[in-house]
Amino acid sequence: QNAWEGWDDHIDKRGAEMALVPRGWPFYSLMQLKPGWRMMYQDSLAAVFAREDSPQAAGLEATPIPDVPERGIGLCAP
């Protein structure tokens with residue numbers, strides 16, 4: 001039996017349309033290879049994947065990524 005068998009049950013059986021995956025996790029590489037999914041965004045910490053036919057994917061494509069410093073350095077909140 002494959003050690004990774006069933007790794008994607010949570011996203012497939014629950015109908016997830018998007019997934020936020022830390023880049024250091026094995027699932028990051030597996031999501032890049034998963035048919036029907038594509039990476040919408042990534043930075044040094046994580047990546048956002050979306051189903052290709054998802055309305056959320058279309059919305060992400062239509063939204064420009066803001067120019068935010070890496071890891072929020074230099075930003076502050078009131």
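**Tyr41**

Strands here are DSSP runs of E with at least two residues, helices are runs of H or I with at least four, and both are numbered from the N terminus. The model is predicted; local features need pLDDT of at least 70, side-chain atom pairs count only at pLDDT 80 or more, and totals for chains, interfaces and linings use all residues. Residues are numbered from 1 along each chain as its sequence is written, and side-chain values use heavy atoms, with hydrogens and water left out.

Is Tyr41 buried, exposed or partly exposed? I noted a relative accessible area of 33%, so Tyr41 is partly exposed (buried is under 20%, exposed over 50%, partly exposed in between; 1.4 Å probe, protein chains only).

I listed the contacts of Tyr41 (heavy atoms within 4.5 Å). Leaving aside residues up to four places away in sequence, Tyr41 touches Ala46, Ala47, Val48 and Ile65. The side chains of Tyr41 and Asp43 are joined by a polar contact of 3.3 Å. Such a contact is a pair of N or O atoms within 3.5 Å; within protein, one must be able to donate a hydrogen and the other to accept it, and residues adjacent in sequence count only if both atoms are side-chain atoms.

**Sheet**

I traced three strands in an open sheet, ordered S1-S3-S2 with antiparallel pairing (a pair needs at least two DSSP bridges). S1 (18-22) and S2 are at the edges with a single partner strand each, so one side of each lacks a neighbour in the sheet. On average, neighbouring strands are turned by 30 degrees against each other, direction ignored. S1 and S3 (residues 46-51) run antiparallel and are joined by five bridges; Pro22 stands opposite Ala46 in S3.

**Helices**

I checked which helices lie across S1, S2 and S3. H2 (residues 26-33) does, at about 140 degrees to S1. H3 (residues 55-62) does too, at about 35 degrees to S2. Axes are lines fitted to C-alpha atoms, for helices over the stretch in contact, and angles run from 0 to 180 degrees between N-to-C directions.

**Core**

I found eight residues in the largest nonpolar core: Ile11, Ala19, Val21, Tyr28, Met31, Trp37, Ala47 and Phe49 (buried Ala, Val, Leu, Ile, Met, Phe, Trp, Tyr and Cys joined through side-chain atoms within 4.5 Å). S1, H2 and S3 each give two or more residues to this core.

**Confidence**

I read a mean pLDDT of 81 for the protein chain, with 81% of its residues at 70 or more (predictor's confidence in each residue, 0 to 100).
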